Amino acid sequence: MNANVLLECFSATLQADQNIRLQAEVKLRELVATPGFLGACLDIIASEGTAIDAGVKKATAVYFKNRVVKFWSSTDGQKIDADERPVIKERILPVLVHSDYNTKQQLIPVVRILISHEFSHWTGLLEQTGTLLQQVPSGNNISDRDLSQLYTGLLCFSEISRKFRWIQNDERQDELYPIIDSAFPHLLNIGNAIVANAQNITEVSAEIVKLILKSYKFVTYYDLPTPLQSREAITAWGAFHEAVINMPTPEYIATSNLSEQEKCFFQFSKCQKWSIANMHRIFQRYASSTLSKKFKYPSFHEAFMNEFVSRLLQNYLALIEQWCHGKKWISSTALYHLLEFLSHCVSQKSTWHLIKPYYENLISFLIYPLLCPSDTTLEIFDEDPHEYIHVGFDILDEFNSPDIAALGLLVTFAYKRKNTTLNPIVTIIHSELSQLQQQQETLEVAKKKDGILKMLGGISSYIAGFHSPYKDQMESFLSQLVFPNLTSTHEFLRARTLDVVAKFADVEFKNEQSKSMLYQGILRNFDSSQEVSLPVSFESALAIQAFLPQPEFKEVLSQIIIPTMSRLLELSNEIDNDAISVVMQECVENFSDQLQPFGVDLMTKLVEQFMRLAVEINQASNVDVEDFDGDYEDQSEKVMAAIGLLNTMITVLLSFENSTEICLKLEEVFSPAIQYVLENKLDDFIAEIGELMENSTFLLRSISPVMWKNFELLSDAFTSGIAIMYLEELIQCLQNFMIYGAEELRKNQHLVEIFVNIFRMISEGDDNQIGYSELIYGCELSQTFILSLQNQSVHYIPNFIASVVALTNEDKQDKHHVKNTGFDVNVTNVIAASIVYDAPTSLRLLQESNQLHPFFSRWFSLIPQLKRVYDLKLSVLALLSLMSHDEILGQLDSGIVEQMGLKLATLLRELPKAIENLEKKRKNFNEGDFSGGDNYKYGDENDAWENAGSEDLEDILREGEAGALEAGAEEGEHAEGRHEYLNFLEEEGFKLKSSGYFDEEDEPVIEDPLATTPLDTVDVFSVIKDFMLALQSNNAAKFNALFGSLGESDQRLIADIFEVVQ
């Protein structure tokens, strides 16, 4: 292909005239299919001199990169010509060498994708890379241009190393070990030479050091190669990592006016970061003592711990001292990893003694200053409050900032080494707050208060618990030193104070003045008539949520709940954060009576806010793949906020369970949200809109025209394959449509076919989408379908039976081991439901598939195990259906017929108890009944082992009683902790196995007290009485054949039932 034609196109794409640009882009789309297109791109990129503008080269490189990255793995030869592939591999490294720095950065993803797909077939790659690595310039005045070949070689070598990142040694040693043996010593020499001349370091030479560090990172990240496990390798590479972090700060960084965050983008900063992160990873993964450790290399562990880590830690502590005195600059990302390293040292018994002498200094001079807000942070507070909330309060692990790591280190001290460190930490906090309280509140004093309060919040769970030795002092401490800050003139300090007081919501406040100061401080900062910043309002809302369980606070809030709810709605619209939605939910739950008159308005505002977010999320997701440039705004926060709004809608709806008229109005209000989600296939919200539909139909006990319209949209979501992924969440919603819409279903064949199609999608679906649970849900739907349509379901019964027979054949269960599991019960129930409405056809189909006797064997084995009211009722009705058909009784084996009466008696004996248990569950129902129970409580200090950190427990388990005693001497652990913990693990393991946790096929059926079934309104006792009395009077011989073998107790049971029914 003629490169000049292509050059003209790329030049035109940079023209100011939009028409020229558009014409050039159209021409490029035509030329891209021409053989030699990518080779011509390389010609332009590799051209030397000034004839071609640098901007044109960059545009060409970007287009070339996007094409290769997107389509190299494609099997479509039209995307990348097969003849061009070897040309690209042959030319890419020479082109890289002759490209400028910015162009190189564009081509790195190309090298990465080529190596990941072509490494094993790329002849000459290692040889070319090795040749480039040998091009080490000599002399004193080395320019960045002189380093081009070496730099290119390291770019390529780091990508080769990346390829082995997630592979274990036994799968990579043949390829990787020769590379390590030949290249790594040379890399070490290059790195050491640059570090030794650190006073002359540039960004290019710093990046070479970074690439060496990352090459080491990639090959050691998942497994530790044998060549790097030796003492010599530990010493050499460890010393190199130490030397990197000890390098003096270059002048171009020391004199820079850039912010700390911007400085992190320097290559020198990245060298600092990876020099510490690598050592932390090595220590944590290969040299630590943990129960979950996968890789065990005893020789390496011994050498690292005995000969290296002590020296490394002393070096790090010396660096921290220099940093604290302002004598050493450490990038914020490096500081984060340094603090993470220290946290791990604290958690490890083998290194804790090295840190122990310094921990108070670390708290006072490292942690405390880092937790005080910087000027940059306060600038964000004023100018970008949303970002301040996101970073300052909505903390996520992905933020690698030093203040988060500092707080983590503080918590590690308090958690892992509580008996040693907690009292000194509390003393430091109390002392500092007392001193600051006596000073005039300048900006610097307020910043210090913010930092010390952040420390207090970090350890709140350790000092405010029921068994805390500080419990009785907390009210006085908080009211004197914390609550006064709720009225600070500095809003950032008020926000921090609100954040902290919320963490002490479980403290029992007795002093009326303390309570008044606290409650008024929270509510005043949430008052919409006051001019307060967004972070203060946000934290006030969370504090309201925290104190809602306190009756006195709830009483105060009830007087102003309407304006409070209005402000929460405003806040929810201002902040895309699901936390505010949760606060609204709890307010609706606690003040439903007061809020009922405003229910429709509240729902309207919630829907408006949800629609705004849903539209933004939908627009962001509809980006053409061809136009995607990688600049994507993360929508996760908006998604979570929108889910929170949907959950609040559900809570509002449920608060009107006694008002059909308002529920219908609410249904009309929130239906546009349901329709938008389903029409635009926003699968993030499928589960929530399903719950909204489920609750609405449940409260109304009917299906409105609006909801039938929503149902048709939901069926479209099943057809497109989206809803099938949320079948577990949607199952009760679908059941409700059949149960409460049964009358409409019997009149509307179109709706019937929709349900049949949903069942067909489940039973015949792709194995990748349809699992064991989905098949059970399919069985549940088919039962409900039959029982709701009643006699009109007869036409579909053969298909349902054929499906469950196929499932039974696939399962091949031992008939002697039938269990009360979801699978056994639901497969049996489908056939039982079929028998209720068409017994002759059902038994004929079973006979034809050789499943008649296996079915009765399985069914009769299962009957004594049934516990749910629905299952018991269904089996009763199925038995009565069989008993009413003389022809069927005549065809069945006498043994089966004889058992029918006995099985009916078994069901009748269990049914009253099941009904009583269900009513009791419904009466006492609350969501807490479905939590993990007492065994899963956090912070219960009655058990000795729960006072220890996880690493301490691992010490106990590893070292036996001696270890327990030693740990007890250090941290107050009890010697019997080992036995208690092992017993706990054994008990929990048994519980999990018993509950079917390890095998979903063994999960028992559970009676949901709020679930609706088609048999809820069926009085089976009356049905039985009528059947038996009629049979006894009309056909005494048949009655005796069925019930003559009943024992005295069973006969008395039936007589009692008759009496109760009467």
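Predicted model: local features only at pLDDT ≥ 70, side-chain atom pairs only at ≥ 80, totals over all residues.
## Aromatic pairs

Let's begin with the overall tally: the model holds 40 aromatic pairs. One of them joins Trp 708 and Phe 711, whose ring centres lie 5.7 Å apart with planes at 85°; since an angle over 60 degrees counts as edge-to-face, that is the label this pair receives.

Where do Trp 708 and Phe 711 sit relative to each other along helix 38? They are three residues apart in this helix (residues 705-719), so about one helical turn separates them. Trp 708 is buried, at a relative accessible area of 11%, and Phe 711 is buried as well, at 0%.

## A pair between helix and loop

Phe 785 and Tyr 796 make another edge-to-face pair, with centres 5.4 Å apart and planes at 90°. This pair links distant parts of the chain, its members being 11 residues apart. Phe 785 belongs to helix 42 (residues 772-789), while Tyr 796 lies in the loop between helix 42 and helix 43 (797-811).

Are these two residues buried or exposed? Both Phe 785 and Tyr 796 are buried.

## An aromatic cluster

Elsewhere, rings gather into a group: Phe 283, Phe 300, Phe 304, Phe 308, Tyr 316 and Phe 341 make up one aromatic cluster.

## Charges over rings

The ring of Trp 72 has the charged end of Arg 85 over it, 4.7 Å from the ring centre. Likewise, the charged end of Arg 165 sits over the ring of Tyr 221, at 4.4 Å from its centre.

Methods
Residues numbered from 1 in each chain as written. Heavy atoms only, no water. Phe/Tyr/Trp six-rings, centres within 6.5 Å; stacked < 30°, edge-to-face > 60°. Helix = DSSP H or I, 4+ residues; strand = E, 2+ residues; numbered from the N terminus. Buried < 20%, exposed > 50% of the residue type's maximum accessible area, 1.4 Å probe, protein only. Lys NZ or Arg CZ within 6 Å of the ring centre and 35° of its normal.
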